[in-house]
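Dear colleague,

I am handing over the structure below, followed by an account of what was found in it. Please read the notes alongside the coordinates.

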Amino acid sequence: MTAIQMNAEMLRNMSIIAEDENLLKRAAKYLRKLVSEKEAEPTLLTKEEFFARVDEAREQIKRGEGVEMLPDESLDEFLQRVG
């Protein structure tokens, strides 16, 4: 489902919910919960944020600022070396 389709579905559902004050309150409460979860979890990224980080990492590599994991190196060894 595309973002446009999801937005259309959400708007259709919101028009139904808007007619019932109790449902509207429940929906608002749930949306606040989702927003707080996003704010509490810094690893959650939008697609745009993710690809912006990928682009920045590529630029760092071009500038010679990248760090490479060695072929026989464990993840713990790598993190100790670069950390």
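A polar contact, as used here, is a pair of N or O atoms within 3.5 Å, where within protein one must be able to donate a hydrogen and the other to accept it, and where residues adjacent in sequence count only if both atoms are side-chain atoms. By that criterion, the side chains of Glu 73 and Arg 81 are joined by a polar contact of 2.8 Å.

Some notes on provenance come next. This is a predicted model, in which local features need pLDDT of at least 70 and side-chain atom pairs count only at pLDDT 80 or more, while totals for chains, interfaces and linings use all residues. Residues are numbered from 1 along each chain as its sequence is written, and side-chain values use heavy atoms, with hydrogens and water left out.

The pLDDT (the predictor's confidence in each residue, from 0 to 100) averages 89 over the protein chain, and 100% of the residues score at least 70. Helices are numbered from the N terminus and are DSSP runs (H or I, at least four residues; strands are E, at least two). Confidence in the protein chain is lowest in helix H2 (residues 21-40), with a mean of 88, and highest in H3, at 92.

To return to Glu 73, this residue sits in the loop between helix H3 (47-62) and helix H4 (75-82). Glu 73 is buried, its relative accessible area being 12%, where buried means under 20%, exposed over 50% and partly exposed in between (1.4 Å probe, protein chains only). Contact means heavy atoms within 4.5 Å, and, leaving aside neighbours within four places in sequence, Glu 73 is in contact with Glu 68, Phe 78 and Arg 81.

Across the whole structure, the search finds five salt bridges. One of them joins the side chains of Glu 59 and Lys 62, at 3.7 Å from N to O. Because Glu 59 and Lys 62 are three residues apart in helix H3, about one helical turn separates them; Glu 59 is partly exposed, at 36% relative accessible area, whereas Lys 62 counts as exposed, at 68%. Another joins the side chains of Glu 65 and Arg 63, at 3.1 Å from N to O, and Glu 56, Arg 63 and Glu 65 are linked in a network of salt bridges. Glu 65 is partly exposed, at 46% relative accessibility, and Arg 63 is partly exposed, with a relative accessible area of 46%.

On the surface, Val 67, Met 69, Leu 75, Leu 79 and Val 82 form a nonpolar patch with about 440 Å² of accessible area together. Patches are made of residues with over 30% relative accessible area and no salt bridge, like charges being joined within 9 Å and nonpolar side chains (Val, Leu, Ile, Met, Phe, Trp, Tyr) within 5 Å; accessible areas come from the Shrake-Rupley method with a 1.4 Å probe, and for residues only the protein chains shown count as cover.

With best regards

Definitions and conventions
A salt bridge is a side-chain nitrogen of Lys or Arg within 4 Å of a carboxyl oxygen of Asp or Glu.
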